[in-house]
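The sequence and the structure come next.

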Amino acid sequence: MSRIGIGRGRGHLGPNQESLRTPLRKPNKSIEENLTKHLHRLQLSEAVREEILDVVSLVKNTATTEDNLKIAVSKIYEYGLQSKRHAVLAAELCQDLSDFSVNQNTFRKILLQKLQSDFTERERLILNTKSFIGRVNLLCEVFNKVRICNNSPIECLAFAVIEYFEMLINGDISEISVLTEQLMKNGRDLELCAKDSLDNLFMSVRKRILDASLNVSCRTLLLVSLEQYLNKWEMIPAEVRTVYAKIYPIVDSLFNEEMSKNSVN
């Protein structure tokens, strides 16, 4: 992962929308305590987008120093490591807060520094599978959601994502499941940003599929990834999905989830 460059970005909140939200100031509590409380609400609330906007408002109204901004980034980052669902919500927060700055130090710059730090420690982190998967999911969701000018992904993150995938290929079913799911979500953007690296990844995928010691479930997921890649990330035919789902039923749920997201978008 090369040194991270900081570009101009866009957020979801317009100036009128931002001004209408009530400042969430709690003079008797620290930003860390308030942020922890509001982040906890995200997993409990049915009105998730409203709760996300409340967290955005809280950060923008209380992170008035660089130290507080770093605390906010750290809390959201730690929240995103807790589960796949948390990673998705954290990435949405990161997009909304991407351009927020204090003394020219932006939320995005601090976030990228944390991602860089974890990437540097990847050989150590992979020794704890759950912790490693949490970091892969969060990086992939940030790559998926946080956009800079012209609605482009952060290109330098693509190389880190692919490097993580190279590590996941040699893992167990939990790691290969993450690889397949995140490739379905991010394949097009990865090909746009780092085509040669992605092509090399799929040479590794092919070799892993041919490994006689690999179990059928792992091979099935890797074959699904290869199908998607060869099909230019378009949805593969239903009859082909059915073949894979008969061998490993979770394949069907992965495709259904992806189709649901595409229909919303």
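## Aromatic pairs

Five aromatic pairs turn up when the whole structure is searched. For this count, rings of Phe, Tyr and Trp (its six-membered ring) pair if their centres lie within 6.5 Å; planes under 30 degrees apart count as stacked, over 60 as edge-to-face and the rest as tilted. The model is a predicted one, in which local features need pLDDT of at least 70 and side-chain atom pairs count only at pLDDT 80 or more, while totals for chains, interfaces and linings use all residues. Residue numbers start from 1 along each chain as its sequence is written, and side-chain values use heavy atoms, with hydrogens and water left out.

A pair of aromatic rings is described by the distance of the centres and the angle of the planes. Two of the pairs are tabulated here.

| Pair | Distance of centres | Angle of planes | Class |
|---|---|---|---|
| Phe-119 and Tyr-164 | 5.6 Å | 75 degrees | edge-to-face |
| Tyr-229 and Trp-233 | 6.3 Å | 65 degrees | edge-to-face |

Phe-119 belongs to helix H6 and Tyr-164 to helix H9, so their pair ties together parts that are 45 residues apart in sequence. Helices (H or I, at least four residues) and strands (E, at least two) are DSSP runs, numbered from the N terminus. Phe-119 and Tyr-164 are both buried, where buried means under 20% relative accessible area, exposed over 50% and partly exposed in between (1.4 Å probe, protein chains only). Ring pairs also join Phe-119, Phe-132 and Tyr-164 into a cluster. In the other tabulated pair, Tyr-229 is buried at a relative accessible area of 13%, and Trp-233 is buried at 7%.

Two packed helices are described by the angle between their axes and the distance between the axes. Axes are lines fitted to C-alpha atoms, for helices over the stretch in contact, and angles run from 0 to 180 degrees between N-to-C directions.

Helix H6 (residues 107-120) and helix H9 (residues 155-168) have axes that come within 11 Å and cross at roughly 30 degrees. H6 and H9 are therefore roughly parallel to each other; angles under 35 degrees count as roughly parallel, over 145 as roughly antiparallel, 65 to 115 as roughly perpendicular and the rest as oblique. Their crossing is left-handed, a term for a near helix turned anticlockwise from the far one by less than a right angle, with right-handed used if it is turned clockwise. From H6, Leu-112, Leu-115, Asp-118 and Phe-119 meet Leu-157, Ala-160, Glu-163 and Tyr-164 of H9, contact meaning heavy atoms within 4.5 Å. The residues of this contact comprise six nonpolar, no polar and two charged. Ala, Val, Leu, Ile, Met, Phe, Trp, Tyr, Cys and Pro count as nonpolar, Asp, Glu, Lys and Arg as charged, and the others, Gly among them, as polar.

The axes of helix H8 (residues 129-145) and H9 come within 10 Å, crossing at roughly 145 degrees. The crossing of H8 with H9 is left-handed. H8 contributes Phe-132, Val-136, Leu-139, Cys-140, Val-142 and Phe-143 to the contact, and H9 contributes Leu-157, Ala-158, Ala-160, Val-161, Tyr-164, Phe-165, Met-167 and Leu-168. This contact of H8 with H9 has 14 nonpolar residues, with no polar and no charged ones.

## Single residues

Val-73 lies in helix H4 (residues 66-80) and is buried, at a relative accessible area of 1%. Apart from neighbours within four places in sequence, Val-73 contacts Phe-107, Ile-110, Leu-111 and Lys-114.

Lys-232 sits in the loop between helix H11 (216-230) and helix H12 (238-247). Lys-232 is exposed, with 53% relative accessible area, and, leaving aside its neighbours within four places in sequence, is in contact with Arg-188 and Glu-191.

Most residues other than glycine have a negative phi. Asn-103, in the loop between strand S1 (101-102) and strand S2 (105-106), has a positive phi near 50 degrees and is exposed at 60% relative accessibility. Asn-151, in the loop between H8 and H9, has a positive phi of about 60 degrees and is partly exposed at 43% relative accessibility.

## Whole protein

The protein has 13 helices and two strands. Of its 265 residues, 49% count as buried.
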